[in-house]
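Welcome, and please have your viewer ready. We will go from one selection to the next and look at what is there.

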Amino acid sequence: MLGICRGRRKFLAASLTILFVPAITWIYLFSGSFEDGKPVSLSPLESQPHSPRYTASSQRERESLEVRVREVEEENRVLRKQLSLAQSRGPAHHRGNHSKTYSMEEGTGDSESLRAGIVAGNSSECGQQPAVEKCETIHVAIVCAGYNASRDVVTLVKSVLFHRRNPLHFHLIADAIAKQILATLFQTWMVPAVRIDFYDADELKSEVSWIPNKHYSGIYGLMKLVLTKTLPSNLERVIVLDTDITFATDIAELWAVFHKFKGQQVLGLVENQSDWYLGNLWKNHRPWPALGRGYNTGVILLLLDKLRKMKWEQMWRLTAERELMSMLSTSLADQDIFNAVIKQNPFLVYQLPCFWNVQLSDHTRSEQCYRDVSDLKVIHWNSPKKLRVKNKHVEFFRNLYLTFLEYDGNLLRRELFGCPSEADVNSENLQKQLSELDEDDLCYEFRRERFTVHRTHLYFLHYEYEPSSDNTDVTLVAQLSMDRLQMLEAICKHWEGPISLALYLSDAEAQQFLRYAQGSEVLMSRHNVGYHIVYKEGQFYPVNLLRNVAMKHISTPYMFLSDIDFLPMYGLYEYLRKSVIQLDLANTKKALIVPAFETLRYRLSFPKSKAELLSMLDMGTLFTFRYHVWTKGHAPTNFAKWRTATTPYRVEWEADFEPYVVVRKDCPEYDRRFVGFGWNKVAHIMELDAQEYEFTVLPNAYMIHMPHAPSFDITKFRSNKQYRICLKTLKEEFQQDMSRHYGFAALKYLTAENNS
């Protein structure tokens, strides 16, 4: 690196010589051509002997100056020639300073050099990369399938967005799961100058399913082979990335490398940084054929237009068929086939510098790359162990990865000034709605929250659900923040059915939750729990948005609308499924009420039956919910009647009623204007009543609220007068909206409120 920069200083010195020597010479000549303050012409026509100012001495002086000018011009010509030769020899001059196996310089496309194992190019620090146009769109293709890979893609995308200065177009080859997750994520992320297109990975399975593959990526690990067919025919070039990649630089630098391709070069790849393809990792190790160490396909530059003209599809298929006759299966998925093709056609590859794919595999030799390179550009966690890979420098790389893993994705919603963005209907509608709000309104922040788009990551953990044959299944729906995480295990022990949870977390908290869940045997043993992360933004807890997210993503025909602080009675799941049939919930608009109780004790011997619960009520161990502070919320349940009831009974709606209910999945959503504490459930129950739902109390069901510290929102409600004023204003506006929507039938809500 030092030698390269010395060469750069020589280059600058030579350039200055060319510029300043003739300049000084001409200044000297010009100043020497004045006599008595008047200019003396050098023109031969004006230098005739008959001139009165002409003398023999001045003639000799003039001739000597002209000779000197010609000498200086000749020296400049020689300097330019030497400088040109120095530039053309620059890469070769540095070849001896670096390992032949791992290049830290710009790559080469010379097939003879590749066969010899020689890597050449310009330093990343001192070399000059072709510039990428300011608003040129960079195309990136990623194959992604399943829940875990969808999480990995987010970290990759964050690292790319953090450094980028250009519009991006992501081409995601995804299965149905990844598409659902990532489509929602990008739609709610709303990053300017980013376009997302999806391609159905399941439709591509037939293209590669004939290839036996032992790699943990499965069939999806072969799909990079068919990108020439999958991606749009007018797309000429694309950067292809694995999901376990982290960028430490602007991806435009990698995009610029396409300009260095020459001749028939169509693939940009970094040499494999392990001895895998050398076949010496263990006894009888027999890898697929490769050129030298082979190439890693975690980062690929594809010239799609040329690959199509070369009939890439036919090329790789014939190679794979031939090699599979002896190899029987691939060990490293598409990478084996890419290398077999390159072995036969080395002219196809342009070798990228090692820093574009620093590979942290189990047997990596990448240290020979990064020990000499200070500006690593791409980190590749290509070990099945991922962050747990054994490497003496893994802590350094892990910290770089964690930086983006926990980075606030909301900060990446940066405009690319000067680059026109495609019109986004959702973004335009949002801006229009916000512009209609009065920023001087004291309740502006409350009103604004109703329109805030929160970045949402559905199914953060693996999810499996098998529909019940009798179509009576019920999902428990709840929402929570980080301070209620400890309730999850207890709820899973009390409720064996499917659960849909919306968690309001920051990016860093989402990773804490992930570690907590992965360390819990109870949570890891349950695959029918859907965890949906809604990322924090704004100053209020968007309780009803969270409920709506959890409701929207249930897989059952019925749902139990609960809260995270409640533990359902043991066996409630099966009891509710029977009640659904008994009360014909499928064909009637009913809301089945589960009576709510509470304890003030952190340690409670949970009642195993209604009789035991009644005994605890009589002893003062349990109370009806909010008996001490908000009796109206659950009084219409009629607990006195419930004590002796053996059959379901109907109750009427009353002001401020907010029971926990079981309803069909098509029930109305919660109203988003209510955030934080106050009226969030009351408004929903009021709308159910307006839509003529019948409230029916279940005689043998119950749930118990567990004690906890007061939430931040209830503290604000109690201490902030303006908070209470705004809540009252929002409540009045909601009631007016109800009257407009439901007409005369909604007048009772205004009357009931005035009388309460």
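A residue is called buried under 20% relative accessible area, exposed over 50%, and partly exposed in between. Keep in mind that this is a predicted model.

**Stop 1: a charged patch.** Select Asp438, Glu439, Asp440 and Glu445, which form a negative surface patch. Now zoom in on Glu445, a residue of helix H15 (residues 444-449). Because its relative accessible area is 37%, Glu445 counts as partly exposed.

**Stop 2: a covered strand.** Next, pick strand S16 (residues 529-535), where 7 of 7 residues are buried. Which residues point one way from S16, and which the other? Val529, Tyr531, Ile533 and Tyr535 share one direction, while Gly530, His532 and Val534 take the other.

Strand S15 (residues 499-505) runs parallel to S16, and 7 bridges pair the two; look for Leu505 opposite Tyr535. Strand S13 (residues 456-457) is antiparallel to S16 and joined to it by 2 bridges. Here His457 stands opposite Ile533.

**Stop 3: backbone angles in two loops.** Jump to Lys311, in the loop between helix H9 (304-309) and helix H10 (312-327). Lys311 is not a glycine, yet its phi is positive, at about 60°. With 54% relative accessibility, Lys311 is exposed.

Finish at Glu692, located in the loop between helix H23 (680-690) and strand S24 (694-697). Glu692 also has a positive phi, about 65°, without being a glycine. Is Glu692 buried or exposed? Its relative accessible area is 68%, so Glu692 is exposed.

Terms used. Residues numbered from 1 in each chain as written. Predicted model: local features only at pLDDT ≥ 70, side-chain atom pairs only at ≥ 80, totals over all residues. Heavy atoms only, no water. Patch = residues over 30% accessible without salt bridge, like charges linked within 9 Å, V, L, I, M, F, W, Y side chains within 5 Å. Areas by Shrake-Rupley, 256 points an atom, 1.4 Å probe, with all protein chains shown as cover. Salt bridge = Lys/Arg side-chain N within 4 Å of Asp/Glu carboxyl O. Lys, Arg positive; Asp, Glu negative; His and termini not counted. Charge placed at Lys NZ, Arg CZ, Asp CG, Glu CD. Helix = DSSP H or I, 4+ residues; strand = E, 2+ residues; numbered from the N terminus. Buried < 20%, exposed > 50% of the residue type's maximum accessible area, 1.4 Å probe, protein only. Pairing = 2+ DSSP bridges.
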